[in-house]
Amino acid sequence: MSKSATEVMQDVLFAATIDAIMALKAASKGLPNTLLRDLNAIHANTTYADLPPELQAAIAASVRAAFAKLLREGYSIAPAGGQPPRPPRPQGELVRRGGNRPDRPGGPRGPRPPRREGDGPRGRPGGPKRPR
């Protein structure tokens with residue numbers, strides 16, 4: 001029987017947490033004060049680069065293991081949006097971007113809206129027209 005996605009993620013997160021704790025212990029080299037200092041240095045705004053190298057390696061290994069476990073359990077991993085990645089564009093093919101396109105009347109911005117009486121220059125309200 002296959003596991004649910006919740007069970008798989010719980011297994012992954014549990015393994016990653018244990019690996020991270022063991023990496024922090026290894027980074028402190030068995031010294032309790034160093035371990036406490038490293039733990040106290042971790043907060044909500046800590047970046048990946050601020051972590052000890054042993055913990056960085058453990059996180060990278062945990063991410064690889066998590067994706068492998070998800071694939072083994074039969075889950076697929078796709079980019080956001082659910083669309084498959086686009087195939088690469090053939091080399092040597094010219095791609096035309098922008099410019100006047102024949103399928104759009106009025107040029108690249110489309111047709112202009114009709115002018116109304118009282119509109120100033122460029123279609124902006126300019127007040128009533130004064131007789132000369």
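Let us start with Ser28, which is buried, with a relative accessible area of 4% (buried means under 20% relative accessible area, exposed over 50%, and partly exposed in between, with a 1.4 Å probe and protein chains only). The model here is a predicted one, where local features need pLDDT of at least 70 and side-chain atom pairs count only at pLDDT 80 or more, while totals for chains, interfaces and linings use all residues. Residues are numbered from 1 along each chain as its sequence is written, and side-chain values use heavy atoms, leaving out hydrogens and water.

Ser28 belongs to helix 1 (helices are DSSP runs of H or I with at least four residues, numbered from the N terminus). A polar atom of the Ser28 side chain lies 2.8 Å from the backbone oxygen of Lys25. Leaving aside residues up to four places away in sequence, Ser28 touches Thr34, Leu35 and Asp38 (contact means heavy atoms within 4.5 Å).

Now follow helix 1 as a whole. Helix 1 (residues 5-28) packs with helix 3 (residues 53-72) at an angle of about 160°, and their axes are 9 Å apart (axes are lines fitted to C-alpha atoms over the stretch in contact, and angles run from 0 to 180 degrees between N-to-C directions). The two helices are therefore roughly antiparallel to each other, a term for angles over 145 degrees. Residues making this contact include Val8, Met9 and Ala16 of helix 1, and Leu55, Ala58 and Ser62 of helix 3.

Finally, look at Pro53 in helix 3. Pro53 is exposed, with a relative accessible area of 59%. The C-alpha atoms of Pro53 and Leu24 are 9.4 Å apart, although 29 residues separate them along the chain.

Key: Parallel < 35°, antiparallel > 145°, perpendicular 65-115°, else oblique. Polar contact = N/O pair within 3.5 Å; in protein donor to acceptor, adjacent residues only side chain to side chain.
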